[in-house]
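Please study the structure shown below, then work through each solution step by step.

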Amino acid sequence: MHSPILQAIACIVLSSLGMSAAHADGARMPAKILSSYTVECAACHTAYPPGMLPAKSWQRIMKGLDQHYGSDASLDAKTVAEIGQWLQTHAGTYKRVSEEPPQDRLTKSAWFERKHRNISSVVWSLPSVKSAANCAACHTGTEQGFFDDDHLQRPAGLSAHQTRAGND
């Protein structure tokens, strides 16, 4: 039972468990998605994975729902507490989200701007996109928290020039 092959297999399994746990603190949705989060937040915009923002950003967002980026997104106290606790539990803690973005806007974070630096401002204003906050316009796996290049689609309304520029 102490053969080098079994030890190697055990190391591979343990390493993969560590990688998946580390990867969970990021763009992926937690395994158990809070239904009230999906119902309340995804009604108006992408239900962002909590790991995309640090805990302090989520705290401020939940405390300011009456002035939520120009809208009144107020909820009853029980729902605020429930969603707030879930966001805190799953908030990002890794290097990419260690800095709180300006105005707690995911789209103003350094990593978001770096990943989208080649996107023309014209693309953000397309009717099929509307704003940088509409992740689902280009990322087909947003409900599961998939934002990588393997889950991309070109939004409707891109000109031939914009399509070619995106292939560079």
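Helices (H or I, at least four residues) and strands (E, at least two) are DSSP runs, numbered from the N terminus. The model is predicted, so local features need pLDDT of at least 70 and side-chain atom pairs count only at pLDDT 80 or more, while totals for chains, interfaces and linings use all residues. Residues are numbered from 1 along each chain as its sequence is written, and side-chain values use heavy atoms, with hydrogens and water left out.

**Exercise 1.** Determine which helix gives the most to the lining of the second largest pocket.

Solution. 
Step 1. A pocket is an open set of points on a 1 Å grid over the protein atoms alone, where a 1.4 Å probe fits, with protein on both sides within 12 Å along at least five of seven lines; lining residues have an atom within 4 Å of a point.
Step 2. The lining of this pocket comprises 34 residues, and Cys41, His45, Thr46, Tyr48 and His68 lie nearest its centre.
Step 3. At least two lining residues come from each of α2 (35-41) and α3 (55-63).
Step 4. The greatest contribution is that of α2, with 4 residues.

**Exercise 2.** Describe the network of salt bridges that links Arg60, Glu100 and Asp104.

Solution. 
Step 1. A salt bridge is a side-chain nitrogen of Lys or Arg within 4 Å of a carboxyl oxygen of Asp or Glu. The whole structure contains 2 salt bridges.
Step 2. Between Arg60 and Glu100, the closest N and O atoms are 2.5 Å apart. Because Arg60 lies in helix α3 and Glu100 in the loop between α4 (77-90) and α5 (110-115), this pair ties together parts that are 40 residues apart in sequence.
Step 3. Between Asp104 and Arg60, the closest N and O atoms are 2.8 Å apart. Asp104 lies in the loop between α4 and α5, so its pairing with Arg60 in helix α3 ties together parts that are 44 residues apart in sequence.
Step 4. Buried means under 20% relative accessible area, exposed over 50%, and partly exposed in between (1.4 Å probe, protein chains only). Arg60 is partly exposed at 39%, as is Glu100 at 37%, whereas Asp104 is buried at 10%.
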